[in-house]
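Work through these exercises with the structure open beside you. Try each task before reading its solution.

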Amino acid sequence: MLRETWYTLIDFVRTFGALQLFFLRLLINAPTIILRRSGLVIKQVYNAGALSLVIIMVCGLFVGGVLGLQGYSNLSKFNAEDSVGTFAAFSLLKELGPVITALLFAGRAGTALASEIGLMKATDQLSAMEMMAINPLRRVLVPRFLGGVISMPFLAAIFSVVGLFGAHIVAVNLLGVDPGAFWQQMQSTLDISDINEGIIKSFVFGVVASLLAVWEGYNAVPTAEGVSRATTRTVVITAIAVLIIDFMITASFI
Amino acid sequence: MIDSSKGLIEIRDLDYSRGHREIFKGLNISIERGKVTAIMGPSGTGKTTLLRLITRQLVPDNGTILVDGIDIAKLNQRDLYKLRRRFGMLFQNGALLTDINVFENVAFPLREHTRLPNRLIRHVVLTKLHAVGLRGAADMMPAELSGGMARRVALARAMVMDPDILIYDEPFVGLDPISMGVIVRLVRRMNDALGISSILVSHDVQEIATVSDCSYLISDGKVAASGSPDELSNTSSELVRQFMHGMADGPVAFHFAAPNYAEQLLGRDVE
């Protein structure tokens, strides 16, 4: 039992070390790809970002709607229903926007990345590139990683904006909160540091979610079962990592 | 036996294991320049593994692999990629990139390694596709191709950079007789006309006899026999005769190691 725990610990440390080296290799190659192969990155921004827009906007709208409802029903107990805009803005910009976007990104784009790369490996496409003297890390992994990193802050921003729109519809249009109070309170209470916190979080989550997706795909066992396990692991590990890192960043801002 | 002292590719005392299973034990092979060399052997002898070792997709446990006198184990990534530009490899399953069409698959190495104008790339790609009979399939996606067609496209891609060494992993599997005949002739003609060297892994004894200059038969991690197709056909070695003539009985067992059949059916092996 003790030996098994020891081996598991060693295995974890080894994997974590390998993941860091992999991250470094992505970072080292990133500038060249951005400068010389921007077309590849743009294509991946489209795949990871543009194709995730619908799910992000729909979820953002309903999360904002729920915030409008919850905010109104709870704040009205203290006659503070005019603050529902502030409540929604704080929740969305600082927490829900970046976190839910990262979780949705892991489910939509992360799984797509991991399974695509895993299948490329299983069908020898990555080996074929190696044999054509084309580095798959530069040609396949770096553009996909960058695509995710670039997309995430924009997706989180769109999520928050649509969420505010959802909160506005529910609180102002349906529940009768004064629109002037809704926006004015938000404007006077929100600080630029609150927005920065959200931007930093979404950027870090973008790095984490994209890194884990390409890592899991690249290291997938090249079989149908291996690829499916890598895809599942991408979602699970990203969700855990995002929530832990969210706590750490939030703590550092307080 | 072929003299393995000098050649384009020299494999010396190669050992390679996967897990606890020894694939090669002291393997020695010499691939001669300008020749078509066939690597044959029963299933599971590590023929594809050998190709991956030659191209350093895998690293041997012991022994050396020299390509043009260069020990490939000592190359850094830049030099390895430089060397690999001299190789063209046809994978067993084709390994076409599934998100781009046939034309772009063949053009892929040209676009990555050269700055040729599109017109010239189009010309080269169509020439190579015409050689494998698939010029008409240029706009098709890999998912729309049959296994044999995919392998022919992969062959066009393997030769698009005009390599010095062409490596074929099971090139004849899944081809209809007409395509098979064309590809066999193409392999031979390219080798002779372009002065390249070819390494061919295959089970198809008849086709290998037609196309190869010399063959190595690998069994049990070593070279069991080598020579020209005629020499192998007329050998007295039981193993070679069994393989060349496809006989069920002989030194190579058809069945993988297993407990006694009757005992297992009666469930006594688990008692």
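**Exercise 1: A residue in chain B**

B:Phe103 is buried, because 21 other C-beta atoms lie within 10 Å. The model is predicted.

Task: Find which helix holds B:Phe103, and list its contacts beyond its neighbours within four places in sequence.

Solution. 
- Step 1. Locate the residue. B:Phe103 is found in helix α3 of chain B, residues 102-113.
- Step 2. Check the burial. The cut-off for buried is 20 or more other C-beta atoms within 10 Å. B:Phe103 has 21, so B:Phe103 is buried.
- Step 3. Set aside the neighbours within four places in sequence. B:Phe103 is then in contact with B:Val125, B:Ala138 and B:Asp139.
- Step 4. Look further along the chain. B:Arg157 is 54 residues from B:Phe103 in sequence. In space, their C-alpha atoms are 9.3 Å apart.

**Exercise 2: Chain B as a whole**

Task: Decide whether the radius of gyration of chain B agrees or disagrees with that of a compact globule.

Solution. 
- Step 1. For 271 residues, a compact globule would have a radius of gyration near 18 Å.
- Step 2. Compare. Chain B has 20 Å, which agrees.
- Step 3. Along the principal axes, the C-alpha atoms of chain B fill roughly 70 × 45 × 40 Å.
- Step 4. Buried residues are 38% of the 271 in chain B.
- Step 5. Look at the contacts. Of those in chain B with a separation of 6 or more, 63% join residues 24 or more positions apart.
- Step 6. Count the elements. Chain B has 10 helices and 10 strands.

**Exercise 3: Two helices in chain A**

Task: Describe how α4(A) and α7(A) cross, and name the residues that meet.

Solution. 
- Step 1. Read the geometry. The axes of α4(A) and α7(A), residues 179-189, come within 7 Å and cross at roughly 50 degrees.
- Step 2. Classify the angle. The two helices are therefore oblique to each other.
- Step 3. The crossing of α4(A) and α7(A) is right-handed.
- Step 4. Name the residues. α4(A) brings A:Val84, A:Gly85, A:Thr86 and A:Ala89. They meet A:Phe182, A:Trp183, A:Gln185, A:Met186 and A:Thr189 of α7(A).
- Step 5. Sort them. This contact of α4(A) with α7(A) has 5 nonpolar, 4 polar and no charged residues.

**Exercise 4: Where the chains meet**

Task: How many residues of each chain are in contact with the other?

Solution. 
- Step 1. Count. 10 residues of chain A are in contact with 13 residues of chain B.
- Step 2. Sort the chain A side. The residues there are 5 nonpolar, 3 polar and 2 charged.

Methods:
Residues numbered from 1 in each chain as written. Chains lettered and ligands numbered in written order. Predicted model: local features only at pLDDT ≥ 70, side-chain atom pairs only at ≥ 80, totals over all residues. Contact = placed C-beta atoms within 7 Å. Nonpolar A, V, L, I, M, F, W, Y, C, P; charged D, E, K, R; others polar. Axes fitted to C-alpha atoms, helices over the stretch in contact; angles between N-to-C directions. Helix = DSSP H or I, 4+ residues; strand = E, 2+ residues; numbered from the N terminus. Parallel < 35°, antiparallel > 145°, perpendicular 65-115°, else oblique. Left-handed = near helix turned anticlockwise from the far one by under 90°. Buried ≥ 20, exposed ≤ 12 C-beta atoms within 10 Å, placed from the backbone. Rg over C-alpha atoms; globule rule 2.2 N^0.38 Å.
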